[in-house]
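Hi,

Here is the structure I promised to pass on.

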Amino acid sequence: MPFGRRPTFHRNICTKMLLAEGRESPFTEHCRNFEKSYRTEVQRLKDEVQEMHKDLTKHHSLINTDTMDEILERSLFIDEQIASQYSAVQTQRAVFEEMWDVTFQRVTNEQEIYEAQLHDLLQLKQENSYLTTIARQIGPYILSIAKVKERLEPRFQKPENDCIDTVVKICEDSAMTTEQNR
């Protein structure tokens, strides 16, 4: 079996699975037509030839030559139809390859976007980590300056200054998060 070729049985199952998915496309239409093609007629011929062969080898009975001629005629006719169908399928290759290229490009673009999103999330996580570290480092200085300012100017007392409370809360939260991560 040439490399990259799958057995007919496997292709047949894959075709049926593709048709069962229900998505309409030129390729599924092609598969639907392909499944209706000459497979049943060839199977019927195989069965008839098998019976004739069995009659000849096991029973040593005479075989009707008209039946044999009829099978040969049908077989040659089907062979011509299959060759014609093969040619028609070959001409469809360019159309399908163009569709597959577009689909492949779309999937490639989606994969690139997805990877970029993952990268962006990691970068944002790192930037947030830097901001948390900086907030932890400057938090005590801000508290110290605020307390000094409170003593010097009574109007900057705690109830009016929510900004300091927010910085203190951020520092406490990030300290708890660091402890939990450890």
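Let me start with Arg93, which is partly exposed at a relative accessible area of 43% (buried is under 20%, exposed over 50%, partly exposed in between, with a 1.4 Å probe and protein chains only). Its salt-bridge partner is Glu97, with the closest N and O atoms 4.0 Å apart (the criterion is a side-chain nitrogen of Lys or Arg within 4 Å of a carboxyl oxygen of Asp or Glu). Glu97 is partly exposed too, at 36%. Both residues lie in helix α4, 4 residues apart, or about one turn of the helix; helices here are DSSP runs (H or I, at least four residues; strands are E, at least two), numbered from the N terminus.

Before going further, a word on the ground rules: this is a predicted model, so local features need pLDDT of at least 70 and side-chain atom pairs count only at pLDDT 80 or more, while totals for chains, interfaces and linings use all residues. Residues are numbered from 1 along each chain as its sequence is written, and side-chain values use heavy atoms, leaving out hydrogens and water.

Back to the charges: the structure holds 7 salt bridges. Arg74 is partly exposed at 22%, and Glu48 is partly exposed at 25%.

On the aromatic side, a search of the whole structure finds 1 pair. Phe96 and Trp100 are stacked, 5.8 Å centre to centre with 25 degrees between the planes (ring centres of Phe, Tyr and Trp, using its six-membered ring, must lie within 6.5 Å; under 30 degrees is stacked, over 60 edge-to-face, the rest tilted). Phe96 is buried at 7%, whereas Trp100 is partly exposed at 43%.

Finally, Ile134, Ile138, Tyr141, Ile142 and Ile145 make a nonpolar surface patch of about 500 Å². Ile145, in helix α4 (residues 65-152), is exposed at 56%. Patches take residues with over 30% relative accessible area and no salt bridge, joining like charges within 9 Å and nonpolar side chains (Val, Leu, Ile, Met, Phe, Trp, Tyr) within 5 Å; areas are Shrake-Rupley with a 1.4 Å probe, and for residues only the protein chains shown count as cover.

Cheers
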